[in-house]
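Open the model in your viewer and keep the selection tool ready. We will go from stop to stop.

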Amino acid sequence: MPRVASASASEPVQLPPDFRFPRQARLLNSRDYTRVFDNVEFRAGSRGFLMLARTVDGSRPLPRLGIIVARRHLPRATTRNRFKRAVRESFRHRQHDLPALDVIVLARPGGNTMDNAELFQELDRAWRKLGKQATSRSPAKTG
């Protein structure tokens with residue numbers, strides 16, 4: 001969705017609320033990350049990253065995102081920051097298509113060889129795969 005144009009130069013340009021990355025859409029503490037690592041239900045990945053996800057209870061309908069980038073996998077700070085920005089941007093645009101999942105994106109060593117276009121393409125493919133896995137899973141198989 002395009003940015004909202006402002007009537008005057010003094011008004012800030014704001015994105016619609018759907019495409020923000022609010023605090024409620026983030027994994028914030030180690031307990032959140034541990035829950036995902038201990039109960040991985042879905043996986044998707046590429047040569048540059050791995051996504052691990054688990055469903056959450058019905059009290060929170062939004063998906064949440066956590067990102068882990070090890071320095072040994074992406075040694076340069078600029079590369080780590082580019083990777084994190086790309087993951088967040090991709091998540092912002094796909095979050096409304098995802099069911100209530102907690103997702104962790106782990107960087108892999110091949111992530112620094114992909115350009116932005118390829119990284120976004122792989123992220124989009126992985127989001128679709130996670131969404132398809134989560135929605136096709138029947139309630140009887142959970143637990």
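Buried means under 20% relative accessible area, exposed means over 50%, and partly exposed lies in between (1.4 Å probe, protein chains only). This is a predicted model: local features need pLDDT of at least 70, side-chain atom pairs count only at pLDDT 80 or more, and totals for chains, interfaces and linings use all residues. Residues are numbered from 1 along each chain as its sequence is written, and side-chain values use heavy atoms, without hydrogens and water.

**Stop one: helix H3.** Select residues 116-136. Helices (H or I, at least four residues) and strands (E, at least two) are DSSP runs, numbered from the N terminus. Which residues of H3 are buried? They are Leu119, Glu122, Leu123, Ala126, Trp127, Leu130, Gly131 and Ala134. An α-helix has 3.6 residues a turn, so residues three or four places apart point the same way.

**Stop three: strand S2.** Of its 7 residues, 6 are buried. Two strands pair if DSSP finds at least two bridges between them. S1 and S2 run antiparallel, joined by 4 bridges. A hairpin through 3 residues links S1 to S2. S2 and S4 also run antiparallel, with 7 bridges.

**Stop four: Thr79.** Select Thr79 in helix H2. Why does Thr79 count as buried? Because its relative accessibility is 14%. Contact means heavy atoms within 4.5 Å. Leaving aside neighbours within four places in sequence, Thr79 is in contact with Leu74 and Asn112.

Technical notes. Expected span 1.5 Å × (residues − 1).
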